[in-house]
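Please find below a colleague's note on the structure shown here. The points are numbered and may be read in any order.

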Amino acid sequence: MAGEEESETRGLMGGGGRSVGDGSGHKIARNVVAMATGEAPAEVAVAELELPDVVKTIQETWDKVDDKYAVGSLGVAAVVALWGSAGMISAIERLPLVPGVLELVGIGYTGWFAYRNLIFKPDRFRKLEVLEQLYMVKYSALLVLCLARTHELQY
């Protein structure tokens, strides 16, 4: 019986481990891993741990923040607001008639929008012009910001 426990312990420990008794008659297997790289274990762990670019960018941005307390408070408030709104939506969803009524309102609004803006050709072109103007304003402002930043970086 003792030989079986010893062989089970060796099987768990990979052959050369050491077993330590815990006083209750059971043996606890203990494995020791030795590193033969010549480097300290902390250096190896840091060398193997490469952070993604997103994490590095977040860390750099966090380091630039002056008022970390306010940013943290806003983050907590956003999480609480998200949690509260999810609870409110699930409560509304459990009401008997409200989800069906809201679905009918959504279908009705979609039909009204399509009739008013998409069915007739002049209305469709008018809506396309509005969208193109919004697109051009948005991306022209973005282009101006990018050009200003590259100009700032060059000088």
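**Notes on the predicted model**

1. Tyr109, Trp112 and Phe113 come together as one aromatic cluster. Across the whole structure, the search returns 3 aromatic pairs. One of them joins tyrosine 109 and tryptophan 112, with 5.6 Å from centre to centre and 35° between the planes, and this pair is classed as tilted.

2. Tyrosine 109 and tryptophan 112 are both part of helix α5, which covers residues 98-117. The two residues are 3 positions apart, about one turn of the helix. Is tryptophan 112 buried, partly exposed or exposed? With a relative accessible area of 45%, tryptophan 112 is partly exposed, because the exposed class begins only over 50%.

3. Helix α6 contains a charged contact. The side chains of aspartate 123 and arginine 126 form a salt bridge, with 3.4 Å from N to O. The count for the structure comes to 1 salt bridge. Both residues belong to helix α6 and stand 3 residues apart, about one turn of the helix. Aspartate 123 has a relative accessibility of 21% and therefore counts as partly exposed, since buried means under 20%. Arginine 126 is likewise partly exposed, at 42% relative accessible area.

4. A nonpolar patch on the surface deserves a separate point. Which residues form this patch? They are Phe125, Leu128, Val130, Leu131 and Leu134, and together they have about 470 Å² of accessible area. Valine 130 is located in helix α6, which spans residues 121-154. Its relative accessible area is 38%, so valine 130 is partly exposed; that value also meets the patch requirement of over 30%.

5. The overall organisation of the chain is as follows. There are 6 helices and 2 strands, and from the N terminus the order of elements is α-β-β-α-α-α-α-α. Of the 155 residues, 3% count as buried. The accessible surface of the chain is about 13,900 Å², and carbon and sulfur atoms contribute 65% of that area.

6. A final point concerns contacts along the sequence. Among contacts in the chain with a separation of 6 or more, residues 24 or more positions apart account for 0%.

Methods: Residues numbered from 1 in each chain as written. Predicted model: local features only at pLDDT ≥ 70, side-chain atom pairs only at ≥ 80, totals over all residues. Heavy atoms only, no water. Helix = DSSP H or I, 4+ residues; strand = E, 2+ residues; numbered from the N terminus. Buried < 20%, exposed > 50% of the residue type's maximum accessible area, 1.4 Å probe, protein only. Contact = heavy atoms within 4.5 Å. Areas by Shrake-Rupley, 256 points an atom, 1.4 Å probe, with all protein chains shown as cover. Patch = residues over 30% accessible without salt bridge, like charges linked within 9 Å, V, L, I, M, F, W, Y side chains within 5 Å. Salt bridge = Lys/Arg side-chain N within 4 Å of Asp/Glu carboxyl O. Phe/Tyr/Trp six-rings, centres within 6.5 Å; stacked < 30°, edge-to-face > 60°.
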